[in-house]
Amino acid sequence: MIHVLKREFIDSFKSVRSILIVLFITFVSYQSAKFIENNPGIIDKLIENGGEAGSAYTAAIALIVLMFGFLFVFATSHDIINRETEMKTMRLLVTKTSRWQVMLGKFCGAMLFWVVTVSISFSILSIIAESWFPKDYFQSLLFIFYIVSFVLLISTVITKTKLTMFLGILLGITLPIIGLIASVVDRWYLLPFRYLLPYNYLEGSVGFMLIPMATGIVYILLSIYIIQRRDL
C-alpha cells in the first residue's frame, strides 16, 4: 500500500496540469494575502460586520476550493483507477498486494498531493498574516477529502479514461453551481444535492464538515467493493 501511495503521490507532481494548478493556487494565495496586508481597512470592515479577520486572508483560497475544487481534482485524478485497468497494470498491482490496499494507496497518494498543495498556500498566508487559520485549513482539507473520494468512485465505476475526462470537465463546472444553489434555494428537486454535496455544511463549525467526510468514506468503501468484485 505504501508503494502505491508513494507512486501515486510522485506521479501527481509529474503532470504539467498538476504543476500549473499548484502554481496557480500558490500565486493567488500570495497575491491575495499581500493585497489584504496592504489594505487593512478591509479587515476592519469585516470585523465591524461580525466577520473574522482571518476570513479576509483565506477568502481567495476558499473561493478556489469551492469553485474549482472539483475541476482541479478531476484534472489531476480523473483516471486514477481506470488508467490502471485500461493499461492492464492493475493486474500487476494486485499480484503484489490486496485490492483494497491498492485502492487505499491510490486514494491516500492523491489526497497527500492536495494536502501538500493546500498546506503550501496556507503557510504563505500565515507568514504574511503572522497568524494561523486552523478552521479554514481543516475545512479546506475536509472539502478536498470529499472531492478526491468522489473522483475515486467515478474513476472506478467508469472504466474509460476518455469518458471520465469528459465527465470531469462537465461535473467540475456544474457541481459547484448546483451545490451552491442547492444550499440557499429551497426546492424539493435540489434536496439530494443539498445533502450529498459538501457546500451546505460550510456555514457551521468544522464539525459539520464531518458529514461530507463520512459521505466520502462511503464513496471509498463503494469503490473498494466494486474493484473487489470486478474481473480485471
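Trainee: What should I know before I read the values?
Mentor: The model is predicted, so local features need pLDDT of at least 70, side-chain atom pairs count only at pLDDT 80 or more, and totals for chains, interfaces and linings use all residues. Residues are numbered from 1 along each chain as its sequence is written, and side-chain values use heavy atoms, with hydrogens and water left out.

Trainee: Start with the inside. How many cavities of 30 Å³ or more are there?
Mentor: The structure holds 1. A cavity here is a set of points, on a 1 Å grid over the protein atoms alone, where a 1.4 Å probe fits but cannot get out. The largest cavity has a volume of about 70 Å³. That volume is the space filled by probe spheres set on the points, with grid points joined across faces, edges and corners.

Trainee: Which residues line the largest cavity?
Mentor: Ile25, Ile61, Ile64, Val65, Phe68, Gly69, Phe72, Trp114, Val118, Ser121 and Ile144. Lining residues have an atom within 4 Å of a point. Two elements give two or more residues each to this lining: α4 (53–77) and α7 (99–129). Helices are DSSP runs (H or I, at least four residues), numbered from the N terminus. α4 gives the most, with 6 residues.

Trainee: How does that lining divide by class?
Mentor: 9 nonpolar, 2 polar and no charged. Nonpolar means Ala, Val, Leu, Ile, Met, Phe, Trp, Tyr, Cys and Pro; charged means Asp, Glu, Lys and Arg; the others, Gly among them, are polar.

Trainee: Now pockets. What volume has the largest pocket?
Mentor: About 600 Å³. A pocket is an open set of points with protein on both sides within 12 Å along at least five of seven lines.

Trainee: Which residues are closest to the centre of the largest pocket?
Mentor: Of the 21 lining residues, Ala62, Asp136, Gln139, Leu202 and Glu203 are the closest to the centre. α4, α8 (134–157) and α9 each give two or more residues to the lining of the largest pocket. α4 gives the most here, with 7 residues. By class, this lining has 11 nonpolar, 6 polar and 4 charged residues.

Trainee: And the second largest pocket, what is its lining by class?
Mentor: 1 nonpolar, 5 polar and 6 charged residues. The volume of the second largest pocket is about 180 Å³. Glu8, Asp11, Asp79 and Arg83 are among its lining residues. α1 (2–14), α2 (16–38) and α4 each supply at least two residues of that lining. α1 gives the most, with 4 residues.

Trainee: Let's switch to salt bridges. How many are there in the whole structure?
Mentor: A search finds 8. A salt bridge is a side-chain nitrogen of Lys or Arg within 4 Å of a carboxyl oxygen of Asp or Glu. In one of them, Glu84 pairs with Arg7, with the closest N and O atoms 2.3 Å apart. That pair links distant parts of the chain: Glu84 is in helix α5 (residues 82–86), Arg7 is in helix α1, and they are 77 residues apart.

Trainee: Is Glu84 buried or exposed?
Mentor: Glu84 counts as buried, because its relative accessibility is 2%. Buried means under 20% relative accessible area, exposed over 50%, and partly exposed in between (1.4 Å probe, protein chains only). Arg7 is partly exposed at 31%.

Trainee: What does Lys106 pair with?
Mentor: Lys106 meets Glu8 in a salt bridge (2.9 Å, N to O). Lys106 lies in helix α7 and Glu8 in helix α1, so this pair ties together parts that are 98 residues apart in sequence. Lys106 also forms a salt bridge with Glu84, the closest N and O atoms being 2.5 Å apart. Those two residues are 22 apart, Lys106 in α7 and Glu84 in α5. Lys106 has a relative accessible area of 0%. Salt bridges that share partners join Arg7, Glu8, Asp11, Asp79, Arg83, Glu84 and Lys106 into one network.

Trainee: Last topic, the surface. Which residues make the nonpolar patch?
Mentor: Met165, Ile169, Ile173, Ile177 and Ile181 make a nonpolar surface patch of about 440 Å². Patch residues have over 30% relative accessible area and no salt bridge; nonpolar side chains (Val, Leu, Ile, Met, Phe, Trp, Tyr) are joined within 5 Å, like charges within 9 Å. Areas come from the Shrake-Rupley method with a 1.4 Å probe; for residues, only the protein chains shown count as cover.

Trainee: Where is Ile177?
Mentor: Ile177 is in helix α9 (residues 161–184). Ile177 counts as partly exposed, at 43% relative accessibility.
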